Amino acid sequence: MATIDECRAALEKLSDNMQQAEGDVRSAASLDRSVSCRITDLDVTFVGRMTGGRIVVQDTHQGPPKEKAQIRLTMAGDDLVALVNGELNFAKAWGAGRVRLEAGLRDLFQLRKLL
């Protein structure tokens, strides 16, 4: 099982990858939205903001998100690490129910370019 530190490192790596993106992926990464990433097996939520092509984690707390972020991810820690490392395909994980992504319709259309 991935640790909180490994999950935070995975989010940092995802953020770095987003900042280095080009074309349509870069435009999707440039959204300015509140973000939460709930890690179910650790019962922890990372809360932050997607801005300037990066994800900036501002807080980590136990349990589900206290406020509803504009973009919400939910998954196990191992799945987050595997997704960021390219070992798990997002579409397959989402289709199998291992990953949940919730956002407004317009944001979902933009985010599909990232994923």
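1. Gly97 lies in the loop that runs between helix H4 (90-95) and strand S5 (99-103); helices (H or I, at least four residues) and strands (E, at least two) are DSSP runs, numbered from the N terminus. Gly97 counts as exposed because its relative accessibility is 54% (exposed is over 50%, buried under 20%, partly exposed in between; 1.4 Å probe, protein chains only). Its C-alpha atom is 24 Å from that of Arg33, 64 residues apart along the chain.

2. This is a predicted model, in which local features need pLDDT of at least 70 and side-chain atom pairs count only at pLDDT 80 or more, while totals for chains, interfaces and linings use all residues. Residues are numbered from 1 along each chain as its sequence is written, and side-chain values use heavy atoms, with hydrogens and water left out.

3. The largest nonpolar core has 29 residues, and Ile39, Phe46, Ile71 and Leu80 touch the most other members. Such a core is a set of buried Ala, Val, Leu, Ile, Met, Phe, Trp, Tyr and Cys residues joined through side-chain atoms within 4.5 Å. Two or more residues each come from H1, S1 (33-39), S2 (44-51), S3 (54-62), S4 (71-75), H3, H4 and S5.

4. Beyond its neighbours within four places in sequence, Phe46 has contacts (heavy atoms within 4.5 Å) that include Ile4, Cys7, Arg8, Leu11, Val35, Ile39 and Val57. Asp59 and Thr60 are also among them.

5. In H1, Glu6, Cys7, Ala10, Leu11, Lys13, Leu14 and Asn17 meet Gly77, Leu80, Val81 and Val84 of H3.
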